[in-house]
Amino acid sequence: MMVNLRSGVVTADTEYGMALLDQNSGEYFTLNPTAALIVRTLLDGTSEEQAVTALTDRYDVSAQQVEEDIARILRELRAAKLLAA
C-alpha cells in the first residue's frame, strides 16, 4: 500500500523526530524518532513489509512489534486525516 500525505500537509524534521503541519487547519502533530523513521520510510515509497525488514535490520526489535507500530501510526495518521485517500 502506498502512503502519501494529504495535500496541505507538510513535514519538518525536528530535533526530536518530525512535525506534521496541516496547513488547512493550522494543527501540527509531532512524531518521536521511531515514528518519524517509519513515516519517512513509508513516504519514500517503501512497502510496509520492506519497512518492517528495514527496521528489524536496524534495531533489536521483533517484526511483530514493528508491524504493530506501523499499523498504529497509520491508524493515528488516518484518524487525524493527514493521509491521502
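Here is a friendly conversation about a predicted model, taken one question at a time.

Colleague: How many bridges join strand 1 to strand 2, and in which sense do the strands run?
Modeller: Let's begin with this hairpin, in which 2 residues sit between strand 1 and strand 2. The two strands run antiparallel, and the number of bridges joining them is 6.

Colleague: Which residue stands opposite Ala 12 in strand 2?
Modeller: Strand 1 covers residues 9-14, and strand 2 covers residues 17-22. Across the pairing, the residue in strand 2 that stands opposite Ala 12 is Ala 19.

Colleague: What is the bridge partner of Ala 19 in strand 3?
Modeller: Strand 2 also pairs with strand 3, residues 28-31, in the antiparallel sense over 4 bridges. In strand 3, its bridge partner is Thr 30.

Colleague: Which residue takes a positive phi in the hairpin of strand 2 and strand 3?
Modeller: This hairpin has 5 residues between its strands. One of its residues has a positive phi near 85 degrees, and that residue is Gly 26.

Colleague: Is Asp 22 buried or exposed?
Modeller: Asp 22 is found in strand 2. Buried means under 20% relative accessible area. The value for Asp 22 is 7%, so Asp 22 counts as buried.

Colleague: Which side chain meets that of Asp 22 in a salt bridge?
Modeller: Side chains of opposite charge can pair when their charged atoms come close. For Asp 22 the N to O distance in the salt bridge is 2.6 Å. The partner counts as partly exposed at 23% relative accessibility, and its name is Arg 6.

Colleague: How many residues apart in sequence are the parts that Asp 22 and Arg 6 tie together?
Modeller: The side chains of these two residues meet in a salt bridge. Asp 22 lies in strand 2 while Arg 6 lies in the segment before strand 1, so the pair ties together parts whose separation in sequence is 16 residues.

Colleague: Which residues does Asp 22 touch, not counting residues up to four places away in sequence?
Modeller: We already know one of them from the salt bridge, Arg 6. With close sequence neighbours set aside, the residues touched by Asp 22 are Arg 6, Gly 8, Val 9, Glu 27 and Leu 82.

Colleague: How far apart in space are Glu 27 and Val 9, C-alpha to C-alpha?
Modeller: Glu 27 sits in the loop between strand 2 and strand 3, and is partly exposed with a relative accessible area of 46%. Leaving aside neighbours within four places in sequence, Glu 27 is in contact with Leu 20, Leu 21 and Asp 22. Glu 27 and Val 9 are 18 residues apart in sequence, and their C-alpha to C-alpha distance is 9.7 Å.

Colleague: Which residues make the nonpolar surface patch of about 280 Å²?
Modeller: One member, found in strand 3, is Tyr 28, which is exposed with a relative accessible area of 60%. The residues that make the patch are Val 10, Leu 21 and Tyr 28.

Colleague: Which residues do salt bridges join into one network?
Modeller: A search of the whole structure finds 4 salt bridges. Asp 69 and Arg 72 meet in one of them at 3.6 Å, N to O, and Glu 76 and Arg 72 meet in another at 3.8 Å. These salt bridges share partners, and the network they form joins Asp 69, Arg 72 and Glu 76.

Colleague: Where do Asp 69 and Arg 72 both lie?
Modeller: Asp 69 is buried at 17%, while Arg 72 counts as partly exposed at 35%. They are 3 residues apart, about one turn of the helix, and the element in which both lie is helix 3, residues 63-79.

Colleague: With which residues is Thr 41 in contact, leaving aside its neighbours within four places in sequence?
Modeller: The place of Thr 41 is in helix 1, residues 33-43. Thr 41 is buried, with a relative accessible area of 15%. Apart from those sequence neighbours, its contacts are Thr 46 and Ala 51.

Technical notes
Residues are numbered from 1 along each chain as its sequence is written. This is a predicted model: local features need pLDDT of at least 70, side-chain atom pairs count only at pLDDT 80 or more; totals for chains, interfaces and linings use all residues. Side-chain values use heavy atoms; hydrogens and water are left out. Two strands pair if DSSP finds at least two bridges between them. Patches are made of residues with over 30% relative accessible area and no salt bridge: like charges are joined within 9 Å, nonpolar side chains (Val, Leu, Ile, Met, Phe, Trp, Tyr) within 5 Å. Accessible areas come from the Shrake-Rupley method with a 1.4 Å probe; for residues, only the protein chains shown count as cover. Buried means under 20% relative accessible area, exposed over 50%, partly exposed in between (1.4 Å probe, protein chains only). Contact means heavy atoms within 4.5 Å.
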